[in-house]
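Dear colleague,

I am handing over the structure we spoke about, and below it you will find what came out of going through it. Please keep it open beside this message while you read.

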Amino acid sequence: MTTVSGIFETMAYGPAPESDKQALEWVARHDGTFGLFIGGGWTNGKSGELFDVINPATTARLARVTQASEADVDAAVAAARQAFPAWAGLSGHARARHLYALAREVQKHARLLAVLESLDNGKSIRETRDLDIPLVARHFYHHAGWAQLVEAEFPGHAPVGVVGQIIPWNFPLLMMAWKVAPALAAGNTVVLKPAEFTPLTALCLAEIAHHAGLPPGVLNVVTGDGRTGELLVRHPDIDKIAFTGSTEVGRVIRKATAGSGKKLSLELGGKSPFIVFDDADLDSVVEGVVDAIWFNQGQVCCAGSRLLVHEGVAERLVTKLRARMEKLRVGPPLDKAIDMGAIVAPVQLERIRKLVDTGVAEGATLWQPSWACPTEGYFYPPTLFTGVAPAATIAQVEIFGPVLVTMTFRTPAEAVELANNTPYGLAASVWTENVNLALDVAPKIKAGVVWINCTNLFDAASGFGGYRESGFGREGGREGMWEYLKADRGSGLGTRSSGGAAGRTKHKAPAVPSRAPSPESPVPPIDRTYKMFIGGKQVRPDAPYARQIFGAGGRLLGEVGEGNRKDIRDAVEAAHAAAAWAHVSGHNRGQILYYIAENLSVRAAEFAGHLEAMTGRGRDDARREVDASLTRLFSYAAWADKYDGAVHHVPIRGVTLAMNEPIGVLGIACPAEHPLLGFVSLVAPALATGNTVVAIPSEAHPLAATELYTVLDASDLPGGVVNIVTGPKDALAKVLAEHDDVDAVWYFGNRAAAAEVERASAGNMKRTWAEWDERDWLDNQQGEGREFLREATQVKNIWIPYGE
Ligand code: NAI
């Protein structure tokens, strides 16, 4: 018999199981079988196909759920569409009341949801009880607040419409809250597809929300595997897709939505660095590592899976880590004293085993604790690799399991280089007692979140999301709300209004192209051939071809180089070489934009003349375009030191700095109309925020831009910050979209080419901004402002706890 004195002797843990009674009763009330939650009620799937939901800790079947078919997805989208006008038409306050009610319900059902989540996913009750479910409630409360404030804080914006949301299995209910709360707050209606391994808490919350009075059709849940997800992605009546999951599927979705006009946000994989400098508090670091990689069995997109340690302390840290790993407890998730539960499914367990085998085969040193995992479920022990080469498979590929790889560095610069040495950019942790070092390193790491002396902290007030192949868009905070809003210009600009301006680049071909003298001059003009503008120099195109540019009356105005793939490559290289522009102060960037305006204003009449000759518009009209370009340059000169970040109110003792960082190298394909103003309207915000640019000017009327480079040249703009490649706009834009060293592409033109750009961007998951509907560039509401600045930046949230 166990006695108290005996326990004191051995210090062994006894079992401390949480009851599964309430959760199993909820499943039993549904006879263990679930239909789909559509239009405020349960419906049976049309195909009748069901699949099993397994408890990964026991391998027993928990329930059967429906594989939603095309007809089911149609019905769910139709229900959401029907509910949309009334929901969007509610006052912000009314939606706030609904979200507040949902938050309250989550708290009231906290135990049921926590246990159900543990049963379904295999994660420990300690985590679902103390982290997942409280954060779910927090998200609904926080976004009740945004619903209340949306009209005041986002004037001129409207909900996007019907939103399709596809979520993974690692934080099933939390990911649902991250997606549903902002969508509903902004006035959208939702069709959500949970992951096939973990659908139960989403179904449960949909039912709870209905009982709490959420109008039918506002939140619909369809279950199924990737096929159901694909139906949602391709559905013509969906206005936005929000996805969290693997980069691989994110890429498929990027391609599938190309040219559809659907708004898209992607939160994808990661291989996040956990950087330890030699002055860090190593005992805190050890607990940090436990949280970083063994939390949720390492099935965390932002898991600190690469431990980068200052060489001098590596051995000491690894020794401490091994000692700590010996004490971790893997076992039944409902046991409150368990550190790690089960892996979600056999396929994931297999993936982890295979990657670990690869690590060993590639020569890294494997270490696992001496104790054995339970064998009846899908368990895997905490695992540590040392002696890992930076290019090794396990150092590059997301394992999504409890596997840590360790590498060492000697200098901060080397640490940053190693940190950025993957295609991902989701999160990073930096550990040092030196605040100067921490704040010097944080901006250099390509990641959407940086935790200083902490890790895996999340809050509804702070945006979360990636750089590079970790996706785009943010969830949480003000920055997350933008994902569910669109500018309300009445005409459906930049949205899915069909038709658009396909072929807007068309211009009148001259009936008889001629080099004839102009009526004002009896002698033929001197041949004028414009070169490309690359790296601050006028350079000849790679291929010795030029295209003739004719004016509206058929008069030859000049020739421009016919840019090709090689010219784009050179321009991208030059733009990268000018990356120091990002570190120029806002004041100085503003000064240069003012200087460009000053030099352009001196030549305003001349530029108006060019515009008149090219477009055939009247002199006054042309002059208006030049004047508007000057105003715009002034606007972005003004913005250069005013597009501030924020300090978020997160519930820690510390601050979270939301910094607006430039994206990097932007490719910009300018609109055909307003050849000068269109160019300036896009390039100036990119410059104001610290990006470097490869611009393709209006194909029909490129001379405004090619003339402009003499102005740029005279205005102290460093070489390579703006590069101009003339030629076939759509083909060149596609080359930019395919280029792995271009970080974002903006395309303004026709729909077919926009689709090509979006599709090609999937290569490195670069951000795109593609529009094919007309925009009034002369209107300041449409032609400038925060929308442009948001597109030109990405938010990095830096968490800095403080206190002794
Ligand atoms: P996944 O990306 O395949 O699944 C995520 C969601 O997308 C699920 O709801 C799934 O049904 C859906 N889906 C799958 N194919 C789809 C398609 N063609 N169109 C639309 N939706 C589709 O992730 P999976 O297979 O569960 O895990 C594979 C790997 O992905 C993991 O080992 C891990 O490395 C990574 N992963 C990353 C996550 C993250 O949060 N970053 C989350 C889950 C997985």
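I would begin with lysine 179, which, leaving out residues up to four places away in sequence, touches Gln165, Ile166, Ile167, Ala242, Phe243, Thr244, Glu475 and Tyr484. This lysine is found in helix 7, which covers residues 172-186, and with a relative accessibility of 0% lysine 179 counts as buried.

Before going further, please bear in mind that this is a predicted model. The chain averages a pLDDT of 94, and 95% of the residues score at least 70. Among the elements of the chain, strand 8 (residues 189-193) has the highest mean pLDDT, at 99, while helix 1 (residues 4-10) has the lowest, at 82. The stretch to treat with caution is residues 491-514, where pLDDT stays under 50 and for which the model has 48 contacts beyond four places in sequence. Where pLDDT is low, the predicted coordinates should not be read in detail.

Turning to the ligand, there are 27 residues around it, of which Ile167, Trp169, Glu196, Ser246 and Arg351 come nearest. Ile167 is also one of the residues that lysine 179 touches. As for polar atoms, a side-chain atom of glutamine 348 lies 3.1 Å from an oxygen atom of the ligand, and a backbone N or O atom of glycine 226 lies 3.5 Å from an oxygen atom of the ligand. A polar backbone atom of glycine 245, in turn, is 3.2 Å from a nitrogen atom of the ligand.

There is also an open sheet of three strands, in the order 21-25-24, with mixed pairing. Strand 21 (529-530) and strand 24 (546-550) stand at its edges with a single partner strand each, so one side of each is left without a neighbour in the sheet. Strand 24 runs antiparallel to strand 25 (residues 556-561), and five bridges join the two; in these, glutamine 548 has glutamate 559 as its bridge partner, and isoleucine 549 has glycine 558. Strand 21, by contrast, pairs with strand 25 in the parallel sense over two bridges, and here the bridge partner of tyrosine 530 is valine 560. Strand 25 is mostly covered, since six of its six residues are buried. In the hairpin of strand 24 and strand 25, five residues lie between the strands, and glycine 554 takes a positive phi near 95 degrees.

Threonine 615 belongs to helix 20 (residues 604-615). Its side chain reaches the backbone oxygen of leucine 611 at 2.6 Å and the backbone nitrogen of arginine 617 at 3.2 Å. Apart from neighbours within four places in sequence, threonine 615 is in contact with Ala552, Pro675 and His701. Valine 735, which is 120 residues away from threonine 615 in sequence, is 27 Å from it in space, C-alpha to C-alpha.

Lastly, the cysteines: how many disulfides does a search of the whole structure find? The search finds zero. Cysteine 301 is in no disulfide, and its nearest cysteine sulfur, that of cysteine 302, is 4.5 Å away, whereas a disulfide would need the two sulfur atoms within 2.5 Å. Cysteine 301 counts as buried at 12% relative accessibility, and cysteine 670 also counts as buried, at 1%.

With best regards

Key: Residues are numbered from 1 along each chain as its sequence is written. This is a predicted model: local features need pLDDT of at least 70, side-chain atom pairs count only at pLDDT 80 or more; totals for chains, interfaces and linings use all residues. Side-chain values use heavy atoms; hydrogens and water are left out. Two strands pair if DSSP finds at least two bridges between them. Helices (H or I, at least four residues) and strands (E, at least two) are DSSP runs, numbered from the N terminus. pLDDT is the predictor's confidence in each residue, from 0 to 100. Contact means heavy atoms within 4.5 Å. Buried means under 20% relative accessible area, exposed over 50%, partly exposed in between (1.4 Å probe, protein chains only). A residue is near a molecule or strand if one of its heavy atoms lies within 4 Å of it. A polar contact is a pair of N or O atoms within 3.5 Å; within protein, one must be able to donate a hydrogen and the other to accept it, and residues adjacent in sequence count only if both atoms are side-chain atoms.
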